[in-house]
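This report covers strand pairing, nonpolar cores and aromatic pairs.

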Amino acid sequence: MPRPPAVHADSIVDAEVCARAGSTIARRFSAAELPRLREAGGHDDSAIEAKFQFSQFEGRPAVAGELHGVAVLTCQRCMRPVAIDIEDEFQVLIVDEERSDEPGGFEPVVAKASRLDLGWLAEEQALLALPLVPMHDNEDCASAAPDEVTSAPEPEDEAPDAEVGTTHQPFRNLRDLLRKQ
């Protein structure tokens with residue numbers, strides 16, 4: 001995971017102090033406070049509520065967290081906004097350098113424990129919880145409804161001998177042409 005940049009001073013905590021005290025912190029983050037979510041296509045209506053429960057594991061700060069919120073993204077079927085519910089739980093261990101193991105079931109996160117940015121951590125976990133391709137459910141998506149398919153508009157400069165109400169089929173005899181070759 002990349003190192004967290006400082007976003008807002010009020011979301012930066014000393015994870016070591018919080019872990020020793022067993023602190024619980026709850027915060028709400030708007031789309032304006034989640035720049036990477038916005039880079040991933042998040043709209044202004046996106047918001048995350050996060051709860052962080054600090055503890056210690058093997059002398060390191062650990063965080064058990066919960067995320068609740070909505071990420072408003074663009075549906076990749078119909079290109080309209082789609083609200084993706086975010087309901088996620090995570091357990092991370094704050095470490096100084098990359099680790100390949102998961103000590104005690106905690107996911108290692110490389111960050112400076114004395115200046116842990118809770119906004120960055122919440123955003124990181126929210127990004128991991130999002131679907132790879134955001135889409136409406138089939139019944140909610142305009143492109144998935146076969147009875148709502150609209151036809152292309154008729155061109156205005158049609159040939160003068162074309163009858164009104166006939167359908168123009170430019171590839172009607174394509175199969176015959178291909179067979180002749």
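Strand 5 (residues 81-95) and strand 6 (residues 107-110) run parallel and are joined by 4 bridges. Within this pairing, Leu93 has Pro108 in strand 6 as its bridge partner. Strands pair here if DSSP finds at least two bridges between them; strands (E, at least two residues) and helices (H or I, at least four) are DSSP runs, numbered from the N terminus.

The model is predicted: local features need pLDDT of at least 70 and side-chain atom pairs count only at pLDDT 80 or more, while totals for chains, interfaces and linings use all residues. Residues are numbered from 1 along each chain as its sequence is written, and side-chain values use heavy atoms, with hydrogens and water left out.

Strand 5 also runs antiparallel to strand 4 (residues 60-74), with 13 bridges between them. Phe90 in strand 5 stands opposite Gly65. The two strands form a hairpin with 6 residues between them, and Met79 in the turn has a positive phi of about 65 degrees.

A nonpolar core is a set of buried Ala, Val, Leu, Ile, Met, Phe, Trp, Tyr and Cys residues joined through side-chain atoms within 4.5 Å. Buried means under 20% relative accessible area, exposed over 50%, and partly exposed in between (1.4 Å probe, protein chains only). The largest core has 35 residues; those touching the most other members are Phe52, Phe54, Val63, Leu67, Leu116, Leu118 and Leu121. Two or more residues each come from helix 1 (15-21), strand 2 (24-30), strand 3 (47-57), strand 4, strand 5 and helix 3 (118-129). Strand 5 gives the most, with 6 residues. Leaving aside residues up to four places away in sequence, Leu116 has contacts (heavy atoms within 4.5 Å) that include Val13, Phe54, Val63, Ile94 and Leu121. A second, separate core of 5 residues includes Ala62, Val95, Phe106 and Val110.

Rings of Phe, Tyr and Trp (its six-membered ring) pair if their centres lie within 6.5 Å; planes under 30 degrees apart count as stacked, over 60 as edge-to-face and the rest as tilted. By this rule there are 2 aromatic pairs.

| Pair | Centre to centre | Plane angle | Class |
|---|---|---|---|
| Phe52 and Phe90 | 6.4 Å | 65 degrees | edge-to-face |
| Phe57 and Phe106 | 5.2 Å | 45 degrees | tilted |

Phe52 lies in strand 3 and Phe90 in strand 5, so their pair ties together parts 38 residues apart in sequence. Both Phe52 and Phe90 are buried. Phe57 lies in strand 3 and Phe106 in the loop between strand 5 and strand 6, so this pair ties together parts 49 residues apart in sequence. Phe57 counts as partly exposed at 23% relative accessibility, whereas Phe106 counts as buried at 10%.
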